[in-house]
Amino acid sequence: MPKATAGQKIAILKKLEFNRLLIFAASTIKTSNMITRLNHVSIFVLDQDSAYEFYVNKLGFKVHTDAPMGPGARWLTVCAPEQPDLEIALMAINEGMMFSKESAQQMRDLVSKGTFGFGVFECNDLLATYEELKGKGVEFTKAPKQEFYGFEALFKDDSGNWFSLGQKAK
Amino acid sequence: MTEKSYPKVYLYRRIVRAKLYIDVNYAENIDLDNIADEAFFSKFHFIRLFKKTYAKTPHQYLTFVRVERSKLLLQENMPVAEVCHAVGFDSVSSFTGLFKRIAGITPSAYQQEQQRIKREIKAAPLKFIPNCFAESNGWTKNSNFKEVGI
């Protein structure tokens, strides 16, 4: 293989330097044009007053915003105590812009039948939380059980939406 | 695993009972001995188990509950000194110090901030609702909730 001339070596070095510059420039671009976080999630509930009682007084969630929006309309969001930046919107299923009369009825039926599982909550100690919530009348469809993927219980909210409950790795 | 088969369920029940005792009696002059008695434990064994379960010592948890309850009272515009005594603290200065350590701001600053938010929600509720939700519910079409600048 013929040896590279001095000029060729300089050209290679320049190209390498340029590539490094490109990588550096790419690393400085902020991620502001990318999706970075989830800050609202909706749970459809049958009755917002009852959902308030369940999520705030039984689960111990904090009310983030509770704003009346006119007759029969209310914007109600709650947060898990250690996650104040994820608002859980407890959405009433009312006939209106979001639901036709028929869809609202279908949605109510599906929610009350326990069709929807909305996520996995985490606590510090599953057995203690299970005992406390059960004592407060929360309906568990599965007692804490060690599964291959983790220690888990399942419970339902007052509307019929179900959640998994796990515990923080200790 | 059924509820009967997990180990030491009685221990969990006693720890939970102690936690609930704090949740209910936080405003009283309770000390650790009261709480440990409630759970039928020796003091040190109790503190260890409580911390393992809730990641806070009983005393830290009691302070946390008092501060959390005080936030609700401050939101209702109760004067700071009254809030302090209503949640079980003896002195306003220790209440202010603990509140600031846990909440990051003083009780009076927190109260002002909450009152401001309350006024804003009342005056302009749409400001607090992501537009997609408001629009799909038809709330943006209701002129009562429209405001300049949104």
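Buried area is the accessible area that two parts lose on being put together, summed over both. The size of an interface is often given in this way. The model here is predicted.

**The interface**

Chain B and chain A bury about 2500 Å² between them. Of that area, 63% lies on carbon and sulfur atoms. On the chain B side, 29 residues are in contact with chain A. They meet 30 residues of chain A.

Charged groups also pair up here. Three salt bridges are counted between chain B and chain A. One of them joins the side chains of B:K19 and A:E132, at 2.7 Å from N to O. Five residue pairs are in polar contact across the interface, with both residues at pLDDT 80 or more.

Which helices of chain B each supply at least two residues to the side that touches chain A? They are helix 1 (9–25), helix 3 (43–54) and helix 8 (131–136). Helix 1 gives the most, with seven residues. By class, this side of chain B has 17 nonpolar, four polar and eight charged residues.

**Chain B as a whole**

Now take chain B by itself. Chain B has eight helices and zero strands. Its pattern along the sequence reads α-α-α-α-α-α-α-α. Chain B has 150 residues, and 40% of them count as buried. Its accessible surface comes to about 8800 Å². Carbon and sulfur atoms hold 54% of that surface.

How far apart in sequence are the residues that touch? Take the contacts in chain B between residues at least 6 apart in sequence. Of these, 47% join residues at least 24 apart.

B:A55 has a positive phi, although it is not a glycine. B:N77 is also a residue other than glycine, and its phi is positive. The table sets out their values.

| Residue | Phi | Loop in chain B | Relative accessible area |
|---|---|---|---|
| B:A55 | about 60° | between helix 3 and helix 4 (58–75) | 47% |

B:A55 has 47%, so it counts as partly exposed.

Terms used
Residues are numbered from 1 along each chain as its sequence is written. Chains are lettered from A and ligands numbered from 1 in the order in which they are written. This is a predicted model: local features need pLDDT of at least 70, side-chain atom pairs count only at pLDDT 80 or more; totals for chains, interfaces and linings use all residues. Side-chain values use heavy atoms; hydrogens and water are left out. Helices (H or I, at least four residues) and strands (E, at least two) are DSSP runs, numbered from the N terminus. Buried means under 20% relative accessible area, exposed over 50%, partly exposed in between (1.4 Å probe, protein chains only). Contact means heavy atoms within 4.5 Å. Accessible areas come from the Shrake-Rupley method with a 1.4 Å probe; for residues, only the protein chains shown count as cover. Buried area is the accessible area (1.4 Å probe) that two parts lose on being put together, summed over both. A salt bridge is a side-chain nitrogen of Lys or Arg within 4 Å of a carboxyl oxygen of Asp or Glu. A polar contact is a pair of N or O atoms within 3.5 Å; within protein, one must be able to donate a hydrogen and the other to accept it, and residues adjacent in sequence count only if both atoms are side-chain atoms. Ala, Val, Leu, Ile, Met, Phe, Trp, Tyr, Cys and Pro count as nonpolar, Asp, Glu, Lys and Arg as charged, and the others, Gly among them, as polar.
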